[in-house]
Every structure is written in C-alpha cells, then in structure tokens.
2 protein chains.
Amino acid sequence: MVTKQFSGSPQEADLTRADSLAREIFSDIANKWALLIIETLGERTLRFGELRNEIEGISHKMLTQNLRMLERNGLVERKVHPTVPPRVEYTLVESGQALRKTVDGMCDWTSRYLGHIEDSRRRFDA
Amino acid sequence: MVTKQFSGSPQEADLTRADSLAREIFSDIANKWALLIIETLGERTLRFGELRNEIEGISHKMLTQNLRMLERNGLVERKVHPTVPPRVEYTLVESGQALRKTVDGMCDWTSRYLGHIEDSRRRFDA
DNA sequence: CCGAATCCAAAAAGATACTG
DNA sequence: CAGTATCTTTTTGGATTCGG
C-alpha cells in the first residue's frame, strides 16, 4: 500500500519501513519529467543530448537530475564511452521497462480521454 | 505522443494543438498527490476529511488544489450535501477509474521492485 | 466541515559559467 | 559532449485565518 505511510499494527515494523520506502520511491517516479524520460528511453538507448532533444522543454539540469535518480533506483543504466568528445548512453533496463508499460498506459489514457477532458474543462471554467 | 510538444510537419496544426494539450494534461496528473488521490478514491467515494486521513502527509491545501484540478479534468465528481455541517463527497468517475488501473500498475511495480531498488540504491550510494 | 485567501518559508527550476 | 556548481528567480507548499 503506497497511500498509507504507516501500517496500523504495532508488530509490523518491517511493513512500516517497506511502506515508507514504497512511498519514497513513488514520490521519486511519480513526476512529469521522470515519466517522460522513461517513456522516451523505452524505445531505444539514447545519448544525453538526444534525450534532451526528444523531450520537449526539459532543461539540462532537470534531465541530469532525473537521470541520476533513475540510475540510483536501478531503472536506467549509464554507459560512458571514454572518447573525445565524451559519449554517454542511457538505457532503460528491465525494471524500467516494466514500469514503462504502465506509463504507456497513462499516455494511452491521455489520448483516449482528450476530448472528454476538453469538454469537462469547458464546463468547469464556465 | 506526449513526449513531443510539437509535431514536425507544418500542416498538422491540429495535431500540434492536441499534443500540447496532451502534454498539459500529462503534467497535471503525473504528480504524486494527484495519483495518490486517484488511487485512494478508486476504492470508494470519500469525504474531504476522510480523504485527508487516508492519504498520509497531504495538506489541506494540496488536497483542495488537486481535487479541483481532477474535477476540472473530469476525473472526479464533487457532490455537496447542503447540511450543517457541510458534507462534501468525492467520487472517481469512469475516466478516473480508467486511469486508476494504470496507477494500480505503478503501485504494483513499486512493491515488486522494492528489493531491487533498495539494492541498487546501496550500490549507487557507495 | 469544507473551502478560499493570505502570508511566508522552502524548494524547484532556469541561466550561466567553468571543467574534463 | 556531458557534467557540476553557483546564483537568481519562480513556484510550491505549509500555516493560519476567516467565511459559508
């Protein structure tokens, strides 16, 4: 359960720890840029600059920051080619690919309900 | 496509608009609190205060803000009972339920890869 | 009980410059 | 080309108060 940070019963100290960890991870990945990176990297291995071009509007800083976070959590693998100029490639590994499937679902959802959302917004804003 | 805000070809002005709208919606919902609300509300209709209790750590302000946003986008229905004290119930409607399925996937992913992530973090932090 | 508005601290994010 | 660091600005979010 990700919604509850602490479980009810006193003995389940481990579950409590697992819960708060789960929440932490959820907070890490449940953000716009992280999900867009996962989605983009899902198609193929990309270099830093390519990734930057693929994801409209992301800044150098945000990209670096989120790539580090994804690497730390073991979703992305970073491979440095010691050439000059340097060439750094990012690959979505197995756990990342698994998550990607659910992100795909979110993207599909977005296009499917686009019209419905537009209508709802018009009504709400009136 | 949600990753690209603008399509390449000049004539597809409509697709461009749809893309930027999709991106806007994606930014709206791809955040921690919105997803946790969707997940929690997926189980049953809840009052404002109940929702606040269910979601560990959410503030009054964040809850209000995200509920308005979800209502505006037509994922959540808000029903006010004109009693005193007031009673306001929030229900996840069809489009919200559809999205919830993908959020479930994210939650499942989190628990499944918890161990893997913990290991990866340990290695990375070393 | 719910919600809107205000104020203020904290965090996020953009811009820029510098390194290997 | 990729990454880090710093600085500044903007945005976010929490606390509080007041109103229906």
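Buried area is the accessible area (1.4 Å probe) that two parts lose on being put together, summed over both. In this predicted model, local features need pLDDT of at least 70 and side-chain atom pairs count only at pLDDT 80 or more, while totals for chains, interfaces and linings use all residues. Residues are numbered from 1 along each chain as its sequence is written, chains are lettered from A in the order in which they are written, and side-chain values use heavy atoms, with hydrogens and water left out.

Chain A and chain B bury about 5200 Å² between them, and carbon and sulfur atoms give 65% of this area. Arg72(A), Trp109(A) and Arg121(A) supply 15% of what chain A buries against chain B, more than any other three residues. The contact (heavy atoms within 4.5 Å) takes 55 residues from chain A and 55 residues from chain B.

Six salt bridges are counted between chain A and chain B, each a side-chain nitrogen of Lys or Arg within 4 Å of a carboxyl oxygen of Asp or Glu. One of them joins Asp28(A) to Arg121(B), with the closest N and O atoms 3.3 Å apart.

A charge sits over a ring if NZ of Lys or CZ of Arg is within 6 Å of the ring centre and within 35 degrees of the ring normal. Such pairs include the following.

| Charged residue | Ring | Distance to ring centre |
|---|---|---|
| Lys32(A) | Trp33(A) | 4.6 Å |
| Lys32(B) | Trp33(B) | 4.6 Å |
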